[in-house]
Structures are given as C-alpha cells and as structure tokens.
Amino acid sequence: MATVSMSLVFQNPLLSPYHSKTRPLPRNQSNWFQAPTRTRTKPTSSFSSIRAQSGAAARKEDIVIVGAGIAGLATALSLHRLLGVGSLVLEQAESLRTGGTSLTLFKNGWRVLDAIGVGNDLRTQFLEIQGMVVKTEDGRELRSFKFKDEDESQEVRPVERGILLETLANQLPAGAVRFSSKLAKIQKTENGETLLELVDGTQLSAKIVIGCDGIRSPIAKWMGFPEPKYVGHCAFRGLAYYPGGQPFEPKLNQIYGRGQRAGFLPVSPTKVYWFVCFNRQSPGPKITDPSVLKKQATELIRDWPPDLVNIIDNTPDDLIIRTPLVDRWLWPNISPPVSAGSVVLVGDAWHPMTPNLGQGACCALEDAVVLARKLAGAIKSRPDTIGDALSSYGSERWPRIFPLTVRANLVGSLLQWENPIVCSVRNNVIFPKLVRLGPLLEHTNFDCEPLQAPVV
C-alpha cells in the first residue's frame, strides 16, 4: 500500500512577498555600531535598571530589541557573537519570565544553540528523547517510532523555558537587558531613526528596532499586521515534579481521542512535561486559579491511561497554564513585509504558529541567527544598506515560515477530529499503516554554522 505523509502541504511554497525594498537609512552615520562601554555594577548580573529622567532628551541606542523572550535574547546574543557590539533589550516584566513549563527543541533548534555557544550548557540538564509512541484514549498502541531510525542526525530534547532564558541572558554583557520597560509608543523620526517611548516616560532613539515582543506584538500591530487568529482549540500545559525520580522512558507519548488529545515526555530525571489539547468554539474566559486549571485538565482525561492522570496530579499548581492556540498566515502579496525601514520582526511577533510541529521556538532561534548575519554583513560594509539587509532577511525566511505555519495548523486540525468514523479511520488505517515519521521531520533540517566573533 502507498505511504502518505502529513507534511505534503506546501512543499513548493509561492514566491516570497518580501521583494519590495524598504526605505534606505540615512548615509551620514559613519559612527554606527561602535561597541558601547558598559561597566558591570554587579558582577553576577547581566541586567541593568535604568530610571526615566523627566524631560530628558531621548537616549541614543544603535540597536534596541523589544522583548526578552527566546527570540529577543537569542537575537541579542547572535548580534553580540557576530558583531561584538551591544544591543539594548527591553522587557516589560520586572525580571526574566522564568516561570511556565517546557518546550521541545528538534535538531534545527539545537544547531542554532550550538552556533551561538550555549548548546552544550543545556544538553547536560535535559534528557534526549529517543522516540515516539502513539496510543488511543483507551491505551491501545497504534504506532511507535525511533527518531534515530528515521534520521541519525535527529536530536530531540525538551528544555525548561526558564532555564533556556537564563542561559541565553547570562551570556550577554552587563546592562544588556532593561526590565520594567513596557513600550507605550513607537514612531519614526525625521532623521530615519525610530523613537520608542516607554510607559515610565523614558524615550529611546534607535537606529534599528527589532520586535521580539511575542504573539500580541504592539510593534507588529504598528506595522499593520492583523491580530493572530484563534484556531479552534485550547491547550493545558504543565510540568510535573517527581522528587524521588520520574519513572518514564525517554519517549514522546501521544494519546488521541475524539476532539481532544494529550501527550507527555520526560524533561529531566525529576520532571515530566505534559499537555492536553481540546476543541472549543471560542477561547473562553481567562482562568488564573491554578486549582481550577488542574481540575479542568484532569476532568478532560479522567478515563484515559492512568499515567497521564498521575502526571497531572504530580504537577505543582504554579506550573499549569491554559492558553488558546493561535497563528497568523503570512499570505503573499497581502501580509505586510517583515520590516518597515529600520524596524523588523522576529519569532512569534512575526509568525505565531501552533505547537503541532514543535517549531515555534526552533523557528524563532533560526530567525535570530539569519537576521544577525544579514545585519552583520551590512553593518561591516555599508550601514546605509541596513534596510536592504532587513528586507533580505524577510525574503529568506518567508519561504520557510509560511509553509510551516500552515502545515502546523493543518496537522492540528487533523488530530482534533471529532467525527467517530473519521477517528476510526485515523486510528485503524492512517496511523498504523500509512504515516511515516521521516517526512514529518524533514522540516527540522537547517544548516547553521557557528557564529564567529570579530577579530579585535
């Protein structure tokens, strides 16, 4: 019988919509991107706290990155590794958002982390996942795979979001991240720079602004992007804790029901990440009470395999979240370009996608190194071509990002089927006989050479 791959969608994407050139920057800026001199006030910290000065002139910055999430910190570190110059990272929270659960990185994500010099620091803390097991809600196994059998170079490891952020931030120079810095206003100035005003009154004038401010990005909204669209299902996610050691093999366990699915995988010797995804016509009200979240998640899978119920029971209340899943399709010739003058988007701010392929964080990391290389080439040769470099970044990334966003959405829709006949075909024909894991992982191929520090 012929085999089928769920990744057939958009194998040959349309031409990039990002061919239009952005307005070039002023040519009279010969002192661009000189390395700032910052003094470490606290040797153990890489962060600064700067107070606004009422009535003061706008502070000049070469590169400002808005958002200290994965995309923002990876972009800052990539620029630091390639250019040896600093960027100022603005974060609206009072500290790094080290809470939350876990995310899974495939080999493309690890290649980027290796390129920016933090891969091995993270590998020692997290388990490598050997394969995947697919089961029905009553515990019947449909299929099992080993990642190395499909691709010897594949590397799958979950990482705790907080530890990933701390690892990236600790490699940045002192003063690189400014906390309690929420963006209030953004506007262009007559000299081609971008003026950023924060809610505390601070004003910054930046030669380049990189928006890494997440799914609900104010910068993306300013650039004309629509709000991300709800895809019709929500997800509970959590990180269970077993102080005496978790009992599970290093495998990704997927469980499919009607209109909902769940999964779990060990993160470390004592922690297990899990999720429950369920259909809902609208996102519903935001719930912050962790005991209510745990109760709702447990009720959805009460009659499912007991391992899953046990994992949720072992999850601390502050490590459970519930989020509506959203994405944004970057339609050719319809969506705005990724850059406007000297303002550009990275990661979820540009291309929020559903987690069905495990590529949201991986693609944000890819964005970071591609953008850094484009900027490095322009800054070292002709700073007046920065706008062209940002446009080139969009042209290179769009043919990869758009198909992945669409594919992730369609895979999620297929796995959330509710019709009992269709679910029966899925469980008895598609997964046992037709699905091949190899084609599903082709999108994890990404070449990324180490970022070389400049010779001083």
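**Exercise 1. How do helices α7 and α8 run relative to each other, parallel or antiparallel?**

Solution. 
Step 1. Locate the helices: α7 covers residues 290–300 and α8 covers residues 306–313. Helices (H or I, at least four residues) and strands (E, at least two) are DSSP runs, numbered from the N terminus.
Step 2. Take the axes. They come within 10 Å and cross at roughly 180°. Axes are lines fitted to C-alpha atoms, for helices over the stretch in contact, and angles run from 0 to 180 degrees between N-to-C directions.
Step 3. Classify the angle. Under 35 degrees counts as roughly parallel, over 145 as roughly antiparallel, 65 to 115 as roughly perpendicular and the rest as oblique. Therefore α7 is roughly antiparallel to α8.
Step 4. Find the residues that meet. Lys294, Ala297 and Thr298 in α7 meet Val309, Ile312 and Asp313 in α8. Contact means heavy atoms within 4.5 Å.

A note on the model: it is predicted, so local features need pLDDT of at least 70 and side-chain atom pairs count only at pLDDT 80 or more, while totals for chains, interfaces and linings use all residues. Residues are numbered from 1 along each chain as its sequence is written, and side-chain values use heavy atoms, with hydrogens and water left out.

**Exercise 2. Describe the crossing of α1 and α5, then that of α9 and α10.**

Solution. 
Step 1. Start with α1 (residues 70–83) and α5 (residues 161–169). Their axes come within 9 Å and cross at roughly 25°. So α1 is roughly parallel to α5.
Step 2. The crossing of α1 and α5 is left-handed. A crossing is left-handed if the near helix is turned anticlockwise from the far one by less than a right angle, and right-handed if clockwise.
Step 3. List the residues. Ile70, Leu73, Ala74 and Leu77 in α1 meet Arg161, Leu164, Leu165, Leu168 and Ala169 in α5.
Step 4. Turn to α9 and α10 (residues 386–415). The axes come within 9 Å and cross at roughly 160°. That makes α9 roughly antiparallel to α10.
Step 5. Finish with hand and contacts. The crossing of α9 and α10 is right-handed. Residues of α9 that meet α10 include Val370, Leu371 and Leu375. Their partners in α10 include Leu390, Tyr393 and Leu404.

**Exercise 3. Which residues touch the most other members of the largest nonpolar core?**

Solution. 
Step 1. Define the set. A nonpolar core is a set of buried Ala, Val, Leu, Ile, Met, Phe, Trp, Tyr and Cys residues joined through side-chain atoms within 4.5 Å. Buried means under 20% relative accessible area, exposed over 50%, partly exposed in between (1.4 Å probe, protein chains only).
Step 2. Read off the answer. The largest core has 115 residues, and Leu113 and Ile210 touch the most other members.
Step 3. Ask where its members come from. The largest share, 14 residues, comes from helix α9 (residues 360–381).
Step 4. Another one lies apart, with 23 residues, among them Phe248, Phe264, Val276 and Ile320.
Step 5. Follow Ile210. Beyond four places in sequence, its contacts include Ile63, Val66, Leu79, Val344 and Leu371.

**Exercise 4. Check the span of α9.**

Solution. 
Step 1. Use the rule: the expected span of a helix is 1.5 Å times one less than its number of residues.
Step 2. Apply it. The 22 residues of α9 should span 32 Å.
Step 3. Compare. The end C-alpha atoms of α9 are 32 Å apart, which agrees.
Step 4. Check the cover. In α9, 16 of its 22 residues are buried.

**Exercise 5. Are Ser180, Asn333 and Trp398 buried, partly exposed or exposed?**

Solution. 
Step 1. Ser180 lies in the loop between β8 (177–178) and β9 (183–188). Its relative accessible area is 42%, so Ser180 is partly exposed. Its phi is near 50°, a positive value in a residue other than glycine.
Step 2. Asn333 lies in the loop between β16 (320–327) and β17 (339–340). Its relative accessible area is 73%, so Asn333 is exposed. Asn333 also has a positive phi, about 65°, although it is not a glycine.
Step 3. Trp398 lies in helix α10. Its relative accessible area is 0%, so Trp398 is buried.
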